[in-house]
Amino acid sequence: MMMLRSWGALLRREYLEHRVAFLYFPLGVMGILLLAALSGLGINRVKVVVGMTLPAGLKLFELGYIALVGLWFSYLALALFFYFGDAFSADRRNNAMLFWKSMPVSDLRILAGKFLAGIVLFPVIIALVAAITGVMHYALVSAATMLMPGLIVPVFPLEALASFAQITLLMLVHLGLGLLWYAPFFAWVAGLSAVFGRWSLPLAFAIPGLIAVVENVALFGTGPRGGYVWSYISQRFQFGLTDVDYTRMFTAGSPFEAGPYILSLWHAFDGVSVVTGLLFAAAIIWLASEYRRRRLA
Amino acid sequence: MTDPIVSVRGLTKRFGAREILHGLDFDIPAGRIYGLIGHNGAGKTTTLNAMLGLTSYGGSVTVLGRDPYRHRARLMRDVAFIADVASLPRFLKVRELFRLVAEIHPNFSTEKAFGFLEGTDVRQQAVISSLSKGMLAQLHLAVVMAIDARLLVLDEPTLGLDITYRKRFYRRLLEDYMTADRTLLITTHQVDEIEFMLSDIMFIRDGSLVLHQPMVEVAQRFAQVVVPADKLAAATGLHPVFEETRFGQTVMVFDGVPRESLAALGAVTTPTLSDLFVALMSRPGTTP
């Protein structure tokens with residue numbers, strides 16, 4: 001029981017330290033978006049080009065929600081990159097290392113807690129924010145259909161709810177699989193931060209880039225285009241829906257269904273690569289914890 | 001006889017080619033208040049770090065029956081320490097800090113911690129980064145005193161604090177924390193301020209222990225005499241361990257010389273800890 005409480009406390013500690021980036025700032029952005037939309041509707045500043053065919057209200061809601069999810073995903077990726085670029089050295093930078101060392105928690109557990117916060121807790125918060133933004137978007141589209149009768153076909157609540165659930169389902173699956181896929185990259189950045197602090201951000205790219213250059217020089221370009229290292233890294237950075245999926249998403253006339261897109265993601269999900277990547281991430285976290293155990297300041 | 005709380009044998013520590021600790025040997029029994037005193041760079045903090053599992057070392061260190069470097073996390077259930085009062089996480093509020101520590105530390109009592117803060121200026125809602133250095137020291141002391149630990153280690157806990165805070169800090173420690181079951185190890189440069197509370201003293205010089213003794217025995221062993229000019233030759237014949245001139249008078253410190261023999265030379269007193277520190281820690285050929 002104490003062990004569970006202790007894990008919870010470590011996650012909460014990360015939340016408290018980074019709540020501005022992962023909760024307050026997103027909520028602030030959401031508030032500004034809401035204000036902007038409400039003021040636009042309230043003072044009738046919405047301009048519609050005469051003759052332009054607006055999609056049905058449901059489609060407008062679906063596309064808007066998908067776009068918002070995409071924006072939140074982009075923010076999450078960026079925020080996590082910066083979070084991991086500092087996470088494993090933050091206690092040293094904040095001069096709090098000696099305090100945490102006085103607690104009955106191993107260095108491995110502290111770093112694992114930081115990694116879990118980044119890979120689970122913060123994405124869950126952003127997913128919740130994205131879902132709330134979706135609800136807000138529905139309310140705004142509904143308001144627009146009332147303000148501009150005839151221009152936009154009204155959205156029926158049950159239809160919208162079904163679409164909301166489908167898009168949210170796809171968002172969660174995409175987020176979960178994506179985080180598993182990119183976990184080794186985040187661990188790599190975090191591991192470098194244990195040694196180099198915030199220099200881990202450029203080094204995360206510079207080190208593999210240098211290795212790729214050395215490999216190309218050593219092999220005289222006899223390997224695959226760009227070299228084995230570069231090819232592997234390029235392949236590891238490709239995960240997600242295809243252009244065909246997005247085209248279908250934007251052009252489909254029927255209400256949104258998550259199933260085909262989840263299947264597409266599942267086909268792109270290489271289980272062996274993911275397991276290898278997770279083992280790599282675990283090894284990096286262990287090495288970083290041993291470094292932290294040995295180096296006090 | 002019960003096992004010592006801390007047992008150190010042949011403790012060495014190297015930083016690169018330089019050896020910082022040269023094979024320290026000592027035991028610390030339970031229920032004592034130890035002072036570890038030394039110059040800057042003498043090896044005090046490195047010794048404490050070895051005992052707390054914060055650094056690797058040569059030789060053998062056992063704290064509460066465990067190797068601290070291998071089992072630091074487990075050991076910290078029964079050991080509390082303040083290595084730097086400025087090390088509290090600055091992004092937390094006081095009550096958030098207490099809640100986190102309560103969830104992490106099985107021997108921490110939130111009620112006690114809040115109790116220790118009563119009468120101070122530290123408020124529960126205060127963000128730690130907004131606290132003054134004195135308040136940080138009080139808060140950190142409240143945290144460690146609320147931990148039911150068997151060994152408390154304080155490394156320069158009052159560094160940078162004014163005299164009021166320092167006195168309050170030590171009084172609190174003695175009145176609210178120390179019991180017969182608890183052991184306290186403390187390092188500080190303000191040796192006179194902790195002299196009254198110490199049961200044992202260790203002087204460390206250049207990585208070696210030069211004195212390790214109960215305070216009662218120290219008072220019996222060392223004597224200080226203000227020697228008049230006409231008795232200087234006789235006093236020097238008794239081999240003082242230290243000699244200096246203060247306001248035109250020669251003051252000598254003797255080690256193990258019977259007080260009856262010294263009485264004929266002048267007024268015999270027991271040297272204060274700071275006098276003894278100067279006497280024993282001065283390197284040969286240097287002027288204190």
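**Strands, helices and a contact**

Visitor: What do β11(B) and β12(B) form, and which residue in the turn has a positive phi?
Guide: β11(B) and β12(B) form a hairpin, with 2 residues between them, and B:Phe247 in the turn has a positive phi of about 50°. The model is a predicted one, in which local features need pLDDT of at least 70 and side-chain atom pairs count only at pLDDT 80 or more, while totals for chains, interfaces and linings use all residues. In the names used here, residues are numbered from 1 along each chain as its sequence is written, and chains are lettered from A and ligands numbered from 1 in the order in which they are written.

Visitor: How do you know that β11(B) is joined to β12(B), and in which sense do they run?
Guide: Strands count as paired if DSSP finds at least two bridges between them, and 5 bridges join β11(B) to β12(B), which run antiparallel. The two strands therefore meet the definition of a pair. Within this pairing B:Phe242 stands opposite B:Val253 in β12(B).

Visitor: What makes β10(B) a partner of β12(B), residues 249-255?
Guide: β10(B) and β12(B) share 6 bridges in the antiparallel sense, and B:Gln224 stands opposite B:Val253 in β12(B).

Visitor: How many bridges join β10, residues 222-227 of chain B, to β13(B)?
Guide: The number is 2, and these strands too run antiparallel; the cut-off is at least two bridges, so β10(B) and β13(B) still count as a pair. Here B:Val225 stands opposite B:Val268 in β13(B).

Visitor: In what order do the 4 strands of the open sheet in chain B lie?
Guide: The order is β11-β12-β10-β13, with antiparallel pairing. At the edges are β11 (242-246) and β13 (268-269) of chain B, each of which pairs on one side only.

Visitor: How many helices and strands are there in chain A?
Guide: Chain A has 11 helices and 0 strands, where a helix is a DSSP run of H or I with at least four residues and a strand is a run of E with at least two, numbered from the N terminus. Chain B, by the same rule, has 11 helices and 13 strands.

Visitor: What share of the 297 residues in chain A is called buried?
Guide: A residue is buried if 20 or more other C-beta atoms, placed from the backbone, lie within 10 Å of its own, exposed if 12 or fewer do, and partly exposed in between. By that count buried residues make up 31% of chain A and 43% of the 288 residues in chain B.

Visitor: How many residues does the contact take from chain A and from chain B?
Guide: Two residues are in contact if their C-beta atoms, placed from the backbone, lie within 7 Å, and the contact takes 22 residues from chain A and 25 residues from chain B. On the side of chain A that touches chain B, two or more residues come from α1 (2-42) and from α4 (97-101) of chain A, and α1(A) gives the most, with 9 residues.

Visitor: How do you know that chain B is predicted with confidence, and what values does pLDDT take there?
Guide: pLDDT is the predictor's confidence in each residue, from 0 to 100; chain B averages 90, and 98% of the residues score at least 70. For the complex, the predictor gives an ipTM of 0.88 and a pTM of 0.88. Where pLDDT is low, the predicted coordinates should not be read in detail.
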